[in-house]
Amino acid sequence: MLQMERFYAERVGDMKGSDIRDAFKLTEAADVISFAGGFPAVDAFPVSLIETVMDDLFRCDYTGLQYGPTEGLEELRRQVAVMMDAENIPSDVDNILITNGSQQALDLIAKIFLDPKDYVLVEQPGYIGGLNAIGNYQGQMVGIPLDDDGLRIDILANKLKEMSNKGRHPKFLYTVPNFQNPTGVTLSLERRRGLLELAREYDFLILEDNPYGRISFGQEPLPHLKTLDTEGRVIYLGSFSKILIPGARVGWAVGLPGVIRQLSIAKQGTDLCSSSLGMKLVLDCIMSGELDGHIDSLKVLYRRRRDIMLESLGRYMPAEVRWTHPEGGFFVWLRLPSYIDSRALLPFALEEEKVAYVGGKGFHVDGSGHNTIRLAYSQAPESDIAEGIRRLAKVLRRQIESAI
Ligand SMILES: Cc1ncc(COP(=O)(O)O)c(C=O)c1O
């Protein structure tokens, strides 16, 4: 067989598979309770709305069957601009690019902004798909830690000073400010303002990735970074994956018209256009007027799952384990005693207790985080959550007791 590796580009060496994707393979067994994949709940898909929309999809025209414009269907861009206006991000069609999920926007942004070895500031822990997109274009990632109020702006300020003294200037900072993947934490208002000030002072862009923002469990939404941005320094990403269906693969980017044009040129070489079927489906769901009501029902469903998970963690977990208290989104983040390696423990948790999670190490760009775990409450059936947490607690208790 031909040795293909010698033909690969140098950048392939920086490409990493996702721990989460690898975990899926292990967690497919029917008797495993899985908190691994951060998928939306299948019982939350608006099947009857989608059926109705599908029935009508080709009745008026064949838009969904034809190639579409690279920037996305004009009417969908207009509707997204209206949604953005309603969230205090004043937008026009020219500010919107429809992408093949927000994951594609992450890729395109890395593609147009990063030269090999450019510095990028990232959250640590951060969303693996975002880190991988940056890594694929050989960005050098500098991880900034988080606490319960999101990104530690004080540490960021020190890091920027240190980098500037060495002549190192980051191109952009990548953040998931609301109900972050993987920790579930939200960036406070004060820190949002502080982050924008630092971005101005040190002249870097901000990539604001917000797929979970609308799945909020009650608190008033905080202003988007893009809303607080007066210069066009923030590029905002949204997605229909968590609020409608991920199978349509429709996300969007909001930015200055020049950036949207450049992203669109990069997208031409990637896929010509997003799936017209997916875009038309999403557009018709918006036009049905049922999307807001659907999102309200999602909040109720995910809030109930979050409540059961937090309550079960409180009931079963040993005192040495700490976790976050998300106010929205899909995830809870666990910190274990430092002598536990969550990744090494996973095969045992799967085999002995039939419970799955994602080890936190892969969310860290500096190789730390061996004693952390991401749990998704989004997909597990409600009736399984307490039992799954009881099993996980049993696994952890055994490790703690054997270390004492
Ligand atoms: C923070 C974050 N950004 C982006 C994505 C990509 O989502 P999609 O491409 O389905 O819009 C995800 C998916 O889980 C995510 O968690």
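## Contacts, helices and a ligand shell in a predicted chain

Of the contacts in the chain with a separation of 6 or more, 77% are between residues 24 or more positions apart; two residues are in contact if their C-beta atoms, placed from the backbone, lie within 7 Å. This is a predicted model, where local features need pLDDT of at least 70, side-chain atom pairs count only at pLDDT 80 or more, and totals for chains, interfaces and linings use all residues. Residues are numbered from 1 along each chain as its sequence is written.

Now for the overall build. The chain has 13 helices and 14 strands, where helices (H or I, at least four residues) and strands (E, at least two) are DSSP runs numbered from the N terminus. Its radius of gyration is 21 Å, close to the 22 Å that the globule rule gives for 404 residues, so the chain is as compact as a globular protein of that length. That radius is taken over C-alpha atoms, and the rule is 2.2 Å times the number of residues to the power 0.38. Along its principal axes, the C-alpha trace spans about 65 × 60 × 60 Å. Buried residues make up 46% of the 404 residues. Here, a residue is buried if 20 or more other C-beta atoms lie within 10 Å of its own, exposed if 12 or fewer, and partly exposed in between, with C-beta atoms placed from the backbone.

On to the ligand. There are 14 residues around the ligand, and Gly-101, Ser-102, Gln-103, Ser-239 and Ser-241 come nearest; a residue is near a molecule or strand if its C-beta atom, placed from the backbone, lies within 6 Å of it. Helix 4 (residues 101–113) supplies the largest share of this shell, with three residues. By class, the shell has four nonpolar, nine polar and one charged residues. In this scheme, Ala, Val, Leu, Ile, Met, Phe, Trp, Tyr, Cys and Pro count as nonpolar, Asp, Glu, Lys and Arg as charged, and the others, Gly among them, as polar.

Next, a helix pair. Two packed helices are described by the angle between their axes and the distance between the axes. For helix 6 (residues 153–165) and helix 7 (residues 189–202), the angle is about 10 degrees and the axes are 10 Å apart. Axes are lines fitted to C-alpha atoms, for helices over the stretch in contact, and angles run from 0 to 180 degrees between N-to-C directions. Helix 6 and helix 7 are therefore roughly parallel to each other; angles under 35 degrees count as roughly parallel, over 145 as roughly antiparallel, 65 to 115 as roughly perpendicular and the rest as oblique. On the helix 6 side, Ile-153, Leu-156, Ala-157, Leu-160 and Ser-164 meet Arg-191, Gly-194, Leu-195, Leu-198 and Tyr-202 of helix 7. The residues of this contact divide into seven nonpolar, two polar and one charged.

Some backbone details are worth a look:

| Residue(s) | Feature | Value |
|---|---|---|
| Gln-124 and Pro-125 | cis peptide bond | omega about 5 degrees |
| Asn-181 and Pro-182 | cis peptide bond | omega about 20 degrees |
| Arg-249 | positive phi, not a glycine | phi about 55 degrees |
| Leu-272 | positive phi, not a glycine | phi about 65 degrees |

Pro-125 sits in the loop between strand 3 (119–124) and helix 5 (128–136), while Pro-182 is in the loop between strand 6 (172–175) and helix 7. Arg-249 belongs to the loop between strand 8 (234–239) and strand 9 (251–254), and with 21 C-beta neighbours inside 10 Å it counts as buried. Leu-272 is in the loop between helix 9 (257–271) and helix 10 (276–287); with 11 C-beta neighbours inside 10 Å, Leu-272 counts as exposed.

Helix 5 has its own story. Seven of its nine residues are buried, so helix 5 is largely enclosed by the rest of the structure. The buried ones are Ile-128, Gly-130, Leu-131, Asn-132, Ala-133, Ile-134 and Gly-135. Just after helix 5, Gln-138 takes a positive phi of about 65 degrees.

Finally, two single residues. Val-53 lies in helix 2 (residues 47–56) and is buried, with 20 other C-beta atoms within 10 Å. Leaving aside neighbours within four places in sequence, Val-53 is in contact with Leu-281, Asp-284, Cys-285 and Ser-288. Asp-31, found in the loop between helix 1 (19–26) and strand 1 (33–34), counts as exposed with 5 C-beta neighbours inside 10 Å.
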